[in-house]
Amino acid sequence: MAAPLDTSLDAHRIQVEAYRRMGGTGRAAVMFRLNELARKMAIAGIRSRHPDYDDERLRLAFARLVLGDEVVQRVWPGRGLVDP
């Protein structure tokens, strides 16, 4: 596993070892927390670009960002695409 470009080799080794000690359950918990953080950041970005969006438009914009136009149009037919 190559170290990320923004991380020193020592820091990367320490991080990998910490993840190994966590075990599968711990790593899964970290993954879910990071996923939730990324979702919140994406929604905050959409909200800052489109302060007039209501909750439904915010969800549609996020869905478009994550799922793409084709899936959004199939899941929510008849609704226009909302800019993320």
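This is a predicted model: local features need pLDDT of at least 70, side-chain atom pairs count only at pLDDT 80 or more; totals for chains, interfaces and linings use all residues.
Two packed helices are described by the angle between their axes and the distance between the axes. Here helix α1, which covers residues 9-49, packs against helix α2, residues 55-67, at an angle of about 120 degrees, and their axes lie 10 Å apart. The two helices, α1 and α2, are therefore oblique to each other, and the crossing in which α1 passes α2 is right-handed. On the α1 side the contact is made by R39, A42, I43, I46 and R47, which meet D55, L58, A61, F62 and L65 of α2.

The largest nonpolar core has nine residues, namely A42, I43, I46, Y53, L58, L60, A61, F62 and V82. Both α1 and α2 give two or more residues to this core, and the largest share, four residues, comes from α2. One of the core residues, L60, touches W76, R79 and V82 when residues up to four places away in sequence are not counted.

Between α1 and α2 runs a loop, and H50 lies in it. If its neighbours within four places in sequence are left aside, H50 is in contact with D83 and P84.

Conventions
Residues are numbered from 1 along each chain as its sequence is written. Side-chain values use heavy atoms; hydrogens and water are left out. Axes are lines fitted to C-alpha atoms, for helices over the stretch in contact, and angles run from 0 to 180 degrees between N-to-C directions. Angles under 35 degrees count as roughly parallel, over 145 as roughly antiparallel, 65 to 115 as roughly perpendicular and the rest as oblique. A crossing is left-handed if the near helix is turned anticlockwise from the far one by less than a right angle, and right-handed if clockwise. Contact means heavy atoms within 4.5 Å. A nonpolar core is a set of buried Ala, Val, Leu, Ile, Met, Phe, Trp, Tyr and Cys residues joined through side-chain atoms within 4.5 Å. Buried means under 20% relative accessible area, exposed over 50%, partly exposed in between (1.4 Å probe, protein chains only).
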